[in-house]
Amino acid sequence: MTDAKRQLVVFDFDWSMADQDTDRWIFEVLAPDLRRKMKTLKDEIQWTDLVAQSLREIHARGVTKDQIVQALETMPYHPAMKRAVTNLKSRGKTTFLCLSNANSVFISTILKSKGLENLFQEIITNPAEWDNSGLLKLRRRVDPLGVQHTCEVGCSPNMCKGEELEAFLGRQEEKFDLICYVGDGTNDFCPILRLRSTDIVFCRTSRGLQKRINSEGQEKGLKAQIKYWGGAWELEEYFDQL
Ligand SMILES: [Mg+2]
Ligand SMILES: [Zn+2]
């Protein structure tokens, strides 16, 4: 157990809380040709816009809301992750925040299917909603026509997780003694640069975040402690110490 009286655990979602990437998974399950098209176009079209466009295409060919929901509910998700967060939350001193480049519907659908719909105090992500015809309408969190974020660490235009984390911390009445960040991707590098030397990054191995920590961590002044995990059962071991 740490001495912290008030602690925050920040979760990325895809490949961090869940064992797959929601944006890609539903197309791999329901329309692999669209998944291939996304892979081809990903360097030309901003990712959130590309997912929104692919959702319109899948809807136009008759794929239903129920099919998408079912694909999400059956996406790989480790039972140890549910145990890890449930046990930590039950000890009462931890606030959970989700910071994700997926979208509000994908995340809430999966959390609800695991009985975790009340886990997070806030879910900061791209907004999405079903319309009456069963189309999932998705937008960037940062409106492309409005003021853009000023991140220079390389966050995607739809959202800077570092700025979002700082804004969240600014909205809190009390400070957190300890902040932990669970992530795997290149876009999780910006927020972990904002952490203190007493904070902890739980970095999933063999993915973009680990590579950025190795190549840029020192030069960019990364201060937080780094602990690595591969399967959710290993994150559970760490959480049992918090
Ligand atoms: Mg991720
Ligand atoms: Zn950023």
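Two strands count as paired if DSSP finds at least two bridges between them, and the strands and helices I name today are DSSP runs numbered from the N terminus, with helices being H or I runs of at least four residues and strands being E runs of at least two. Please keep in mind that this is a predicted model, in which local features need pLDDT of at least 70 and side-chain atom pairs count only at pLDDT 80 or more, while totals for chains, interfaces and linings use all residues. Residues are numbered from 1 along each chain as its sequence is written, and chains are lettered from A and ligands numbered from 1 in the order in which they are written.

Let me start with the sheet. Strands β1 and β6 pair in the parallel sense over five bridges, and within that pairing F11 stands opposite V182 in β6. Strand β6 also pairs with β7, residues 200-204, again in the parallel sense, over four bridges, and here Y181 stands opposite V201 in β7. Taken as a whole, six strands form an open sheet with parallel pairing, in the order β3-β2-β1-β6-β7-β8. The edge strands are β3 (122-126) and β8 (225-229), each of which pairs on one side only. From one strand to the next the twist averages 15 degrees, where axes are lines fitted to C-alpha atoms, for helices over the stretch in contact, and angles run from 0 to 180 degrees between N-to-C directions.

Why is β6 described as largely enclosed by the rest of the structure? The reason is that six of the six residues of this strand, 178-183, are buried, a term that applies if 20 or more other C-beta atoms lie within 10 Å of a residue's own, whereas 12 or fewer make it exposed and anything in between partly exposed, with C-beta atoms placed from the backbone. In a regular strand the side chains alternate between the two faces of the sheet. In β6, L178, C180 and V182 point one way, I179, Y181 and G183 point the other way, and all are buried.

Next come two annotated positions. UniProt, in an unreviewed entry, places the feature "active site" at D12 and D14; its positions are given in the numbering used here, feature names are shortened, and annotations may be inferred rather than shown by experiment. D12 sits in the loop between β1 (7-11) and α1 (13-17), and it is buried because 24 other C-beta atoms lie within 10 Å. Leaving aside residues up to four places away in sequence, D12 touches L99, S100, V182, G183, D184, G185 and D188, where contact means C-beta atoms, placed from the backbone, within 7 Å. D14, by comparison, lies in helix α1 and counts as buried with 22 C-beta neighbours inside 10 Å.

Finally, consider helix α8, residues 161-171, which lies across β1, β2 (94-103) and β3 and runs at about 150 degrees to β2. Within α8, K161, G162, E164 and L165 are buried. Seen down the helix axis, the buried residues of α8 fall within an arc of 165 degrees, so they line one face; the arc is that of the directions from the helix axis to the C-beta atoms. These buried residues pack against β1, β2, β3 and α9 (189-192), while the face turned away from them carries the exposed residues A167, G170 and R171.

How values were computed
Two residues are in contact if their C-beta atoms, placed from the backbone, lie within 7 Å.
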